[in-house]
Amino acid sequence: MNLPLFFASILRTLRRNPWRALLMMAGVAVGIAALTILTSIGESTRRETMKRFKNMLGTFDTILIRPGSSKNRGMVSLTNVEPSLKFEDAKAIAAELPEIRQVAEVQNAFDIDVKYRDRNCTPSIFGVSSNWLELRGDQLAQGVFFSEDDVRSLARVAILGSDAQQRLFPGEDPVGKNIEIGNVPFVVRGVMVSRGAGPAGGSLDNLIFIPVTTASKRLFNRDFLTMMIAQLKDPTQGQEAIDHLATLLRSRHHIAPGALDDFNLSNPRAVMDQVTAMGSTFEKLLSIVAVLATGIGGIVIMSITLIGVSERRKEIGVRRAVGASRPAILAQFLFEAVLLALGGGMTGVATGVGGTQIISRLQHLPFLIQPGAMLLAITLSIALGLVFGVYPALKAAGTNPIDALRE
């Protein structure tokens, strides 16, 4: 086979029918673009969701313990559930369960005014134990966190979230300054690194941390906890630890067999796995739709190529009469289909990259392109050309030259 003449013949054919070639490429490009966009946006959304969950829940090697049964309807709060968690429960969990590394104690309120000079705001106030940073994985932007001595002495010290800092101290260094939380004076000890937005999009930085004992005795006047966070020694033993935690708390709270728990246990890793699994299922469904659209593009290639075979019967007859073999005819039509599918695939990838960038900006997602997905799209395009180009190419190669020349 004379390769220069072979490729020249293919290019000449494509130039004679540019609109037909563009239509065949467009059929593949639409499906490939959709597949590229859905794959990239799906992965970007998954990563952003994991990031936001981690910002809200901290590390995934923990168990969250809240008051109220898991069968409570609606949003659980201290207005509709019994405040069943006590400081002694946290100490018992840390001391009696070998699966637990440490326990953080939490009290919180959302309706307390905070003032600095003529500025005020109403951030969330969290009373927490001194191991909060170690257990949660949060970081300080400046200053220092309060110590165990501060917790024992009911120290009036505060750590600001970045939003609270901006509202109370715009352009100022807050460390060492005095603020009032519910008319109680506190000294600012530090400022947290911004954690951004949570899964629902709300800010996680409009808060202030104070020692949990200070919150209990000097601010909230509560002897119960709104939450406890138990850190696991081995993250793979989450369910076993949950079972032991439930047994311990039911015993301490004197809950009769068969009665509902007055607490709720959840593992952030399990919640994250459920969310990502739902997202993965939805992403797969969309990808199937994109693959079907790409398959339709392959059918377009086959249909238009068949039309081309019918229109070029005389050309095929002439080529066969001057000595072109059936394999040569087969190769020409098959290569034309592959070339057009590849062109459509590359156009689809380029369109998909542009579409991904636009959607990422509109949805405030990180721009992410997976090289593996692009390579898969190109490979799929070539496969479409081969699969859907075989039948028209076989039909062209099987053309009887005598019958073709008589037409």
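A polar contact is a pair of N or O atoms within 3.5 Å; within protein, one must be able to donate a hydrogen and the other to accept it. In this predicted model, the side chain of N131 meets that description with the backbone oxygen of V103, which lies 3.0 Å away. The side chain of N131 is also joined to the side chain of S129 by a polar contact of 2.6 Å.

N131 belongs to the loop that connects β5 (124–128) with α4 (132–136). The relative accessible area of N131 is 14%, and because buried means under 20%, this residue is classed as buried. When neighbours within four places in sequence are set aside, the residues in contact with N131 are Q102, V103 and A104.

Two packed helices are described by the angle between their axes and the distance between the axes. For helix α3 (residues 87–96) and helix α8 (residues 238–252), the axes come within 11 Å and cross at roughly 135°. The angle therefore makes α3 oblique to α8. The crossing of α3 past α8 is right-handed. On the α3 side, the contact is formed by E88, D89, A92, I93 and E96, while α8 contributes L245, L248, L249 and R252. Sorted by class, the residues of this contact comprise five nonpolar and four charged residues, with no polar ones.

Methods: Residues are numbered from 1 along each chain as its sequence is written. This is a predicted model: local features need pLDDT of at least 70, side-chain atom pairs count only at pLDDT 80 or more; totals for chains, interfaces and linings use all residues. Side-chain values use heavy atoms; hydrogens and water are left out. Helices (H or I, at least four residues) and strands (E, at least two) are DSSP runs, numbered from the N terminus. Buried means under 20% relative accessible area, exposed over 50%, partly exposed in between (1.4 Å probe, protein chains only). Contact means heavy atoms within 4.5 Å. Axes are lines fitted to C-alpha atoms, for helices over the stretch in contact, and angles run from 0 to 180 degrees between N-to-C directions. Angles under 35 degrees count as roughly parallel, over 145 as roughly antiparallel, 65 to 115 as roughly perpendicular and the rest as oblique. A crossing is left-handed if the near helix is turned anticlockwise from the far one by less than a right angle, and right-handed if clockwise. Ala, Val, Leu, Ile, Met, Phe, Trp, Tyr, Cys and Pro count as nonpolar, Asp, Glu, Lys and Arg as charged, and the others, Gly among them, as polar.
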